[in-house]
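This report describes a protein model from its overall dimensions down to individual residues. Please consult the sequence and the coordinates alongside the text.

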Amino acid sequence: MDSFPRLVFEQVKYKNPFLWTALIRGYILQGHLKDSISLYCSMRREGIGPVSFTLSALFKACTEVLDVSLGQQIHAQTILLGGFTSDLYVGNTMIGMYVKCGFLGCSRKVFDEMPERDVVSWTELIVAYANNGDMESAGGLFNELPLKDKVAWTAMVTGYVQNAKPREAIEYFERMQYAGVETDYVTLVGVISACAQLGVIKYANWVCEIAEGSGFGPINNVVVGSALIDMYSKCGSIDDAYRIFVGMKQRNVFSYSSMILGFAMHGRAHAAIQLFGDMVKTETKPNGVTFIGVLTACSHVGLKCYGVSPSTDHYACMVDLLGRAGCLEEALKMVEKMPVEPNGGVWGALLGACQIHRNPEIAQIAANHLFELEPDKIGNYIILSNIYASAGMWDDVSRVRRLLKMTGLKKNPGYSWLEGDRGVIHEFRAGDLTHPNSTEIQQALGDLLDRLQADGYQPNLRSVLYDVSDEEKKRILMTHSEKLALAFGLLTTSPGATVRIMKNLRICEDCHLFMCGASQVIGREIVVRDNMRFHHFQDGKCSCGNYW
């Protein structure tokens, strides 16, 4: 810190606490924490007591450097000096310090002992619980909050979104609307992300109407517009996403990237590449996400000329592209020669390619790395087991399953969902025939199967990764969740309407073949969003070109 302020300070004969605090804050703003602490010690030696601004400044400094030990010493000062434990401003900065340093229990203790709290106190802790994945505690605090303002409601909405609980996020947003609390673009982006996660078009249209009605429509707000593009893309309505994009008065790198990624997810590679070409003609500079979209659209574009260094995500895209093309050896060599350490995404792309091309040798190499990098990710074990099963290597299947059993991890069951009448979401789990309309679903599915078989369809028995009879494999295939969802969709939607299905896992080869045939014989478009991409089935063909 410049010596002049200190020189002026030293010439003051009677220094009050505010003058001491001003210099202490000056040191803190300059990043000189040790000097600020030393000055505070001098202040105390001269018998000058701090004011609340002194202590809050020191707490903020501890937060900046994440020094919880020093923060605890300052905390002790508030108790020893007396009079500060009831200071609202000091209490709030103390809560913030403990939260940022990762001591959530200490921040809750401070909160519980505060005689007076304001919305900042409550919201700080609600956000902390949400960031820690504890939405139960966040919800408990929120319910106790006497006056719930826009910030508190937004904290709950975004908290549920961050913790992959989109239905709860939408529910809180609805409650916020009923309570008459004003919405801003931050809240809107949160609930838009929830709609994107859920993938249901009714909620997408509903939140788009609210955005336009609240003055934060996509035409004038580039942040909301970019989020809506992403939402409609993930809800299976790429045309609506493009409508939003075209209608925006202002576009930024996020708008372009969301649209390019949307086109890529829906198999419109040429549209994605063309839009990228349009983008580079503008003053909008591509970023890393833009190139991931372009690479996902199956085109290798130079990165360095735009000042973007290739990241592991870009390498993952390239490994995926090479792997899907069957160039597994080349993909493996690329991974081994990467200038940065390959992460789980890179090895996962290679493992996925091995599943497509049934290469157990390279799959084992990729899996060994994944077991070290992602020991708690059950999907890696399952994919390797499936690859061995497809190759008929049942001893290796048993070995991987024993290894999985030793880890104690449990497989998430496959399930699909779609929107029914009045926005009700219906879920279907593989092999589960307990739906209230199960009899009608089975009848519709049987009728559809008869029509498909008459058209030449034969079940792909390799999609059943169990050592059972062919008849049992056929039975298992006909109870896959996406087939159950399709039958229900055909029963409950008007003739000719598009059937939109969401799925938590990758669609299997047999279901993909089944959906292609179904779109042909029923004359409808079927849209399936799995955990990899969108599949638009129409006239017997899929937008992915059977290349997914």
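Of the 548 residues of the protein, what percentage count as buried? The share that counts as buried is 49%. The model is a predicted one, and its confidence is therefore treated before the details.

## Confidence and overall form

The protein has a mean pLDDT of 86, with 94% of its residues at 70 or more. Confidence is lowest in helix α1 (residues 3-11), where the mean is 65, and highest in helix α15 (residues 238-247), where it is 95. Over residues 299-303 the pLDDT stays under 50, and for this stretch the model has 13 contacts beyond four places in sequence.

The secondary structure consists of 28 helices and 6 strands. Along the principal axes, the C-alpha atoms fill a box of roughly 100 × 55 × 55 Å. Among the contacts with a separation of 6 or more, 60% come from residues 24 or more positions apart.

The domain assignment gives domain 1 (1-117), domain 2 (309-411) and domain 3 (415-542). Between the C-alpha centres of domain 1 and domain 2 the distance is 51 Å.

In the span 221-251, the end C-alpha atoms lie 9 Å apart, and the span is 74% helix and 0% strand. For residues 252-286, the end C-alpha atoms lie 9 Å apart, with 71% helix and 0% strand.

Where is Thr-284 placed relative to α17 and α18? Thr-284 is in the loop between α17 (269-280) and α18 (288-296). Thr-284 is buried because its relative accessible area, 16%, falls under the 20% limit. Not counting residues up to four places away in sequence, Thr-284 touches Arg-251, Asn-252, Val-253, Tyr-256 and Met-279.

## The sheet

The 6 strands of an open sheet follow the order β2-β1-β3-β4-β5-β6, and their pairing is mixed. Strands β2 (425-429) and β6 (541-542) stand at the edges with a single partner strand each, so one side of each is left without a neighbour in the sheet.

| Strand pair | Sense | Bridges | Residues opposite each other |
|---|---|---|---|
| β3 and β4 (residues 526-529) | parallel | 4 bridges | Arg-500 and Val-527 |
| β5 (residues 534-538) and β6 | antiparallel | 2 bridges | Gln-538 and Lys-541 |

Why is strand β3 described as largely enclosed by the rest of the structure? Strand β3 (residues 499-503) is described in this way because 4 of its 5 residues are buried.

## A buried helix residue

Leu-477 lies in helix α26 (residues 470-477). With a relative accessibility of 1%, Leu-477 counts as buried. Its contacts, not counting residues up to four places away in sequence, are with Pro-459, Asn-460, Leu-461, Ser-463, Val-464, Lys-483 and Asp-510. Leu-477 and Ala-430 are 47 residues apart in sequence, yet their C-alpha atoms are 9.0 Å apart in space.

## Cysteines

How many disulfides does a search of the whole structure find? The search finds 0 disulfides. Cys-235 is in no disulfide, and the nearest cysteine sulfur, that of Cys-195, is 6.5 Å away. Cys-235 is buried, its relative accessible area being 0%.

Cys-516 is likewise in no disulfide, and the nearest cysteine sulfur to it, that of Cys-542, is 5.5 Å away. With a relative accessible area of 7%, Cys-516 is buried.

Terms used:
Residues numbered from 1 in each chain as written. Predicted model: local features only at pLDDT ≥ 70, side-chain atom pairs only at ≥ 80, totals over all residues. Heavy atoms only, no water. Disulfide = S-S within 2.5 Å. Buried < 20%, exposed > 50% of the residue type's maximum accessible area, 1.4 Å probe, protein only. Contact = heavy atoms within 4.5 Å. Pairing = 2+ DSSP bridges. pLDDT = per-residue confidence, 0-100. Domains from an automatic or database assignment.
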